[in-house]
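Grab a pencil and have the sequence and the structure open side by side. Try each exercise on your own before reading its solution.

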Amino acid sequence: MIRTQRLAAGVCALLATLAAGLAFPAAARAGEPTGEATPKVDLVLDVSGSMRARDIDGGTRMAAAKQAFNEVLDATPEEVQLGIRTLGANYPGDDRKTGCKDTAQLYPVSTLDRTEAKTAVATLSPTGWTPIGPALLKAADDLGTDAGSKRIVLISDGEDTCAPLDPCEVARGIAAKGIGLTIDTLGLVPNTKLRKQLSCIAEATGGTYTSVEHTDELTDKVNQLVDRAADPVVTPVATEGAGQCTDAPALKSGLYTDREEFGQQRWYKVDVEPGQELRASVSVAADRSVQPDYGVLLRAVTVHGREIVRGEAAGNGRTDVLSTGLRYPKAESDDEDAPAETVCLQVTNSFSAASGVKTTPGLPVELTVDVVDGPSQADDVASFGLGRGWWLLGVVVLAGFLAGLVWGWVSRWRVAVWRTN
């Protein structure tokens, strides 16, 4: 029995080692950090009438927000350009059409004058409606499209009151522009509907949602988000995949973003010189409600349609992002003038929208491409062609065959011992 367990453990270890050889991290050098560009943050504050409620540390929500803003303004890094936008701060009436236009830039996104910004915040008084969607659109315009980190920090205590301009759809539209803008949201009330809406807004752009119930929590979280804007980041390059390889955009090493409809496939092209290795990975995010059981497939194909290698991943509703990757090493050539090989990358997803969920814009896709010098060490997995699957398949078949033989011999030996006894 002990010998059988050792054999099984050895086979499992062999297969685990082989499988681990196929796993590799996404290329870290793709893209260029934009930390040298000026980071920008737009704080978007809900100043609607409900901010009068006295349920945060014995004071009003508005008082907590003002105190947090003053402390954040004092701690904002010098290199960060910061602005403040309000929603629901100016119109106290009942006309919905007018109330849903009530968003204004309280302090422009610029080098911070702390005294001027604090003075502007001090004038705020809870007033009107909650036009979150229109405020997000204006805030995106405040930040512009320049390179560099761009963040919107939305602080609200209630749901948007200006439907059918759905804030989630607004956030998805902003993300679809590919301008590298992230929206983080903070909810001042532990309300399920508010949490759902603010989470949806944040997830659409890769941001975060946080529920805060105390002034110090609000201060700490906003400070963290403003500081994060100053960190070096890699800005993905917006691209648009084609419906077939012949029309696909040619990509170099880098980080790219795209949008893919439900069940759609997108094609891209990469040139690989002899002696180089293509490393590619893709992530597809479910930024809205989807049906459980879905998958993502990344294939490397020749221009003639022959599959070279593939990577795939599946989910069951517990993850919002699916990622997979592949490697393709192209062998050295004796011909110094040998041309590069055009490799077609196909990204396919099997997500399906839940009932009543809009399917446009498509799901966010992030594609990393890295073309590096091919492996030179004999123990590199790719140098054996395992990335193509054939060696792995052969080893698995051989291991299974040997395991079957040994298991059969052990079983016969155990039966013989039982009969003897």
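This is a predicted model: local features need pLDDT of at least 70, side-chain atom pairs count only at pLDDT 80 or more; totals for chains, interfaces and linings use all residues.

Residues are numbered from 1 along each chain as its sequence is written, and side-chain values use heavy atoms, with hydrogens and water left out.

**Exercise 1.** Work out how many disulfides there are and what pattern they follow along the chain.

Step 1: Look for pairs of cysteine sulfur atoms within 2.5 Å, which is what a disulfide means here. That rule gives three disulfides.

Step 2: Count the bonded cysteines along the chain, and the pattern reads 1-2, 3-4, 5-6.

**Exercise 2.** Characterise the bond between Cys100 and Cys162.

Step 1: Check the distance; S to S is 2.0 Å.

Step 2: Check the handedness. The S-S torsion is about -100 degrees, so this disulfide is left-handed.

Step 3: Cys100 sits in the loop between α3 (96-99) and β3 (103-111), and Cys162 in the loop between β4 (150-156) and α6 (167-176), so the bond ties together parts 62 residues apart in sequence. Helices (H or I, at least four residues) and strands (E, at least two) are DSSP runs, numbered from the N terminus.

Step 4: Check accessibility. Both Cys100 and Cys162 are buried, meaning under 20% relative accessible area (1.4 Å probe, protein chains only).

**Exercise 3.** Do likewise for Cys168 with Cys200, then Cys245 with Cys344.

Step 1: Cys168 and Cys200 have their sulfurs 2.3 Å apart. Cys168 belongs to helix α6 and Cys200 to helix α7 (residues 192-204), 32 residues apart. Both Cys168 and Cys200 are buried.

Step 2: For Cys245 and Cys344, S to S is 1.8 Å, and -60 degrees about the S-S bond makes the link left-handed. Cys245 lies in the loop between β7 (237-238) and β8 (254-260), while Cys344 is in strand β14, 99 residues away. Cys245 and Cys344 are buried too.

**Exercise 4.** Is Gln346 buried or exposed, and which side chains make polar contacts with the Gln346 side chain?

Step 1: Find Gln346 in strand β14 (residues 341-349). Its relative accessibility is 5%, so Gln346 counts as buried.

Step 2: List polar contacts, that is, N or O pairs within 3.5 Å; within protein, one atom must be able to donate a hydrogen and the other to accept it, and residues adjacent in sequence count only if both atoms are side-chain atoms. The Gln346 side chain pairs with that of Gln265 at 2.5 Å and that of Arg299 at 2.7 Å.

How values were computed. Buried means under 20% relative accessible area, exposed over 50%, partly exposed in between (1.4 Å probe, protein chains only).
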